[in-house]
Amino acid sequence: MELNSTEVEAANKLTDDLVVEVLSKVPYKSFCRCKCVSKTWLSFSLDPHYCDKLPKPFTGGLLYQEPDSTGINFVGPSPDDGSTDTSLSFLPNHEVLELVDCCNGLVLCRHESSSSPEDVSKLIVCNPATHQWTELPEPREEPEGFLYRLFPRWWNIIGVTAVETFSSESSTWFVDDTWQLQNGTNVPSRPHFFIHGILYALTADDRVLAVEAFRQTEHPNHWIMGLPGYKPSSPLDDYYLYGCLGYSAGVLYYAQPEIDGHTIVLWGLEQGSWNVKHRFSMSNAFGRDIFIRLDYEGFWYCDNDIQVVDVQKGVILIRDRVQDKLCSYSMETGTLTDVHEGFNRYMTYVPCYSMFRVGNARSDEGSSGGS
């Protein structure tokens, strides 16, 4: 943003209150540019009298999709100021859009076009913060699940059931025919994290799948890690407690309700061992003592379905099956706050403003996404 001398002189005649009122109505990224124009405008962000009125950075939240809907929705503590398109409306000409996964500021979608043959879908990786997107070439097999991680200029995607890796450096899928998940292990749509060169994902039988070495010339190294807490005795066990992975400051965390549901235990993985970090009372938070119930198929389940563990912000997002709503539990105060009504598969979204580099990357203006 550049102003001529006349514009600068006119702006300097405005009162501070009026300038702050104007700045409060612009998107955060525009406000950052404005701070470069004037030292006085920059000082407003440091003034306790004005800073609460000025735009705040968009910190992200949760993406979700209603059942039988093609719309992508967002819920979070900070509203989207318009610079980040969490609805993904910048993706052109896609009549059907399915939210598949989200990690490190990138969103993976499956879409169908009216011009495509029936039952043929494409995969798209996009960045809502930069409006950059690219359509992936078709994998060898139709995958059922994905994990992916973002680097400054490239990413990898793992089709979990097909064990295929896509590299944006070469725009190619690499197939590892030597590896199949053991004993039918499946990776559900739960939070997964990339820490110190290793991707960690929770499996359906409450273990952790660890994968490293995503270079295109090597097959990914992988192994299975055990988890603390309750374990089903078999895949047909009639009682199940859902746990959830978390991450903060280079440490992998795991949270799971105890067998009676009264307490959620948080472990941290340090030097190869799981250590108890905290125990949180759900009885006090929800104001009830019954958390274990029998569903219509005869399976026992816990009311507290942990969706997200955010150790850095000190919150656990829990689906309350009794009230059918998403709640935020404060690790510090032990209190609950309602977040959203209804049940959906929520995915944590944190904006990333890095541009990814891939041959056919596009933006909503149609320009190349490389930098």
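**Exercise 1.** Which residues have the most contacts inside the largest nonpolar core?

*Solution.* The model is predicted, so local features need pLDDT of at least 70 and side-chain atom pairs count only at pLDDT 80 or more, while totals for chains, interfaces and linings use all residues. Residues are numbered from 1 along each chain as its sequence is written, and side-chain values use heavy atoms, leaving out hydrogens and water.

Begin with the term: a nonpolar core is a set of buried Ala, Val, Leu, Ile, Met, Phe, Trp, Tyr and Cys residues joined through side-chain atoms within 4.5 Å, where buried means under 20% relative accessible area (1.4 Å probe, protein chains only). The largest such core has 21 residues, and those with the most contacts inside it are Ile-264, Leu-266, Phe-280, Met-282, Val-309 and Ile-316. Among the elements that give two or more residues to this core are strand 18 (263–270), helix 5 (282–286) and strand 22 (304–310); helices (H or I, at least four residues) and strands (E, at least two) are DSSP runs, numbered from the N terminus. Apart from this core lies another, of 17 residues, which include Phe-90 and Tyr-349.

**Exercise 2.** Find the buried residues of helix 2 and say how they are placed around its axis.

*Solution.* In helix 2 (residues 16–23), the buried residues include Val-19, Val-20 and Leu-23. Because these residues cover an arc of only 95° around the axis (taken from the directions from the helix axis to the C-beta atoms), they lie on the same side of helix 2.

**Exercise 3.** Which residue of strand 26 is the bridge partner of Gly-61?

*Solution.* Strand 1 (residues 61–64) and strand 26 (residues 347–349) run antiparallel and are joined by three bridges, and two strands pair if DSSP finds at least two bridges between them. The partner of Gly-61 is Tyr-349.

Key. Buried means under 20% relative accessible area, exposed over 50%, partly exposed in between (1.4 Å probe, protein chains only).
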